[in-house]
Amino acid sequence: MKIKLYNKLHFIADLLPISFYIRLTGQSKIFPFYHCVTNAPKPHLSALGYYRKRDQFVKDLIFFKNHYTSFTIPQMQQNKAASFHLSFDDGLSECYTEVFPLLLKERLTATFFINADFIDNKKMFIRHKISLLHVAAQSSAISRARLASKLACEDAQVCLRLLSLTNEQLVDELAKEVDIDFIAYLHTFKPYLTTLQIKEMSRSGMQIESHGKDHTDLTLVKDEEAIFQIKDCNLFLQNTLGAKPKYFAFPYGSDRVGNRVFDFLYKQEGLLGTFGVAGLKRDSEQRHIHRIPMEAGDISAESMLKFEYFYFMLKALVRKNVIHR
């Protein structure tokens with residue numbers, strides 16, 4: 001979420017009802033997305049903020065149901081009313097232990113975009129590794145000093161430097177400096193979904209789709225690597241669920257992804273749609289849908305959505321509310 005802009009403008013956006021924004025913008029379908037729902041984020045999440053507290057998430061569901069109708073992705077072309085579809089990224093275990101029961105209770109469906117390498121806790125996402133290092137730096141002066149030495153920075157800069165890292169080899173080297181064993185953590189905390197959990201969720205009506213092999217940022221790699229990332233996860237899902245994936249959610253967003261990758265997704269893989277994370281925004285590729293991040297601390301779903309509509313209207317004034325490819 002554009003939090004700095006939200007802090008300046010939300011009091012204006014909050015003045016008008018959701019129904020007004022829907023009518024004025026014509027944006028009747030919304031796609032809120034999350035990563036995790038928990039009141040006690042584990043160390044691999046606690047430094048990142050990629051989670052929603054359980055009570056806040058329940059309030060979100062109540063708000064969505066009061067103002068929108070739930071629909072499944074295949075229904076989105078037929079459904080013309082104000083409607084919503086939930087999705088969850090990265091295949092975290094709380095999707096099964098926390099989210100899944102709540103969705104069943106509320107009679108809602110959702111799509112879960114997973115990364116093949118993390119399922120069954122075979123491997124850890126680099127951002128989750130960094131969160132563990134961040135926790136170590138905050139909790140131990142000795143660990144912080146060791147990390148500072150390795151990163152060639154002052155102790156006070158360590159946490160900020162950690163959050164900016166993208167080199168996984170360096171992250172693994174830093175873990176050795178502070179005696180963090182990622183494999184042991186995976187075995188102990190089991191942060192990701194298992195194959196059995198995925199199958200159960202699928203049988204219960206949840207849609208399981210692709211988020212790439214290992215959450216690589218596809219805007220930063222060559223098209224060949226992006227295609228490999230997609231194919232690998234699609235094959236895993238097909239072997240696991242016995243059906244070819246129909247949708248793909250881009251890790252980190254899709255604004256700079258080349259048309260060759262989109263052509264591969266639609267023409268060769270035969271996908272029906274793809275998803276980004278740009279908030280309430282249109283796209284020149286009509287099969288590509290932008291979702292709204294919902295993990296903005298204690299800000300209510302109503303306030304977040306009103307701001308998204310308001311920001312959409314502001315961008316429309318300067319013709320910036322559509323991504324052209």
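Which residue in β4 is the bridge partner of isoleucine 30? The partner is phenylalanine 84. The model is predicted: local features need pLDDT of at least 70, side-chain atom pairs count only at pLDDT 80 or more, and totals for chains, interfaces and linings use all residues. Residues are numbered from 1 along each chain as its sequence is written, and side-chain values use heavy atoms, with hydrogens and water left out.

Strands are treated before helices. Both are DSSP runs numbered from the N terminus, with at least four residues (H or I) for a helix and at least two (E) for a strand. Two strands pair if DSSP finds at least two bridges between them. β1 and strand β4 (residues 83–84) run parallel and are joined by two bridges. They belong to an open sheet of three strands. Its order is β1-β4-β3, and the pairing is parallel. β1 (29–30) and β3 (69–70) stand at the edges. Each has a single partner strand, so one side of each is left without a neighbour in the sheet.

A parallel pairing also links strand β8 (residues 247–249) to β9, through three bridges. Tyrosine 247 has glycine 273 in β9 as its bridge partner. Strand β9 (residues 273–276) is covered on both faces. Gly273 and Phe275 lie on one side, Thr274 and Gly276 on the other, and all are buried. Here buried means under 20% relative accessible area, exposed means over 50%, and partly exposed lies in between (1.4 Å probe, protein chains only).

Helix packing comes next. Two packed helices are described by the angle between their axes and the distance between the axes. Axes are lines fitted to C-alpha atoms, for helices over the stretch in contact, and angles run from 0 to 180 degrees between N-to-C directions. Angles under 35 degrees count as roughly parallel, over 145 as roughly antiparallel, 65 to 115 as roughly perpendicular and the rest as oblique.

Helix α2 (residues 18–25) packs on helix α14 (residues 301–317) at an angle of about 30°. Their axes are 10 Å apart. That makes α2 roughly parallel to α14. The crossing of α2 past α14 is left-handed. A crossing has this hand if the near helix is turned anticlockwise from the far one by less than a right angle, and is right-handed if clockwise. From α2, the contact (heavy atoms within 4.5 Å) draws on Ile18, Tyr21, Ile22, Leu24 and Thr25. From α14 come Glu302, Leu305, Lys306, Tyr309, Phe310, Phe312 and Met313. The residues of this contact divide into nine nonpolar, one polar and two charged. Ala, Val, Leu, Ile, Met, Phe, Trp, Tyr, Cys and Pro count as nonpolar, Asp, Glu, Lys and Arg as charged, and the others, Gly among them, as polar.

Helix α12 (residues 223–241) packs against helix α13 (residues 259–268) at about 25°, with the axes 9 Å apart. α12 and α13 are therefore roughly parallel to each other. α12 passes α13 in a right-handed crossing. Asp223, Glu224, Ala226, Ile227, Ile230 and Lys231 of α12 meet Arg260, Val261, Phe264 and Leu265 of α13. By class, the contact of α12 with α13 has six nonpolar, no polar and four charged residues.

α12 also packs with helix α11 (residues 195–203), at an angle of about 70° and with axes 10 Å apart. α11 and α12 are therefore roughly perpendicular to each other. Thr195, Ile198, Lys199 and Ser202 of α11 make the contact with Phe236, Thr240 and Leu241 of α12. This contact of α11 with α12 has three nonpolar, three polar and one charged residues.

Several single residues complete the account. Serine 131 sits in helix α6 (residues 126–139). At 0% relative accessibility, serine 131 counts as buried. Not counting residues up to four places away in sequence, serine 131 touches Pro43, His44, Leu45, Ser46, Ala47 and Leu48. Asparagine 121 lies in the loop between β6 (110–114) and α6. Its phi is near 60°, a positive value in a residue other than glycine. Asparagine 121 is buried, with a relative accessible area of 8%. Lysine 190, in the loop between α10 (182–189) and α11, has a positive phi near 45°. Lysine 190 is partly exposed at 46%. Histidine 10, in helix α1 (residues 3–13), is partly exposed at 24% relative accessibility.
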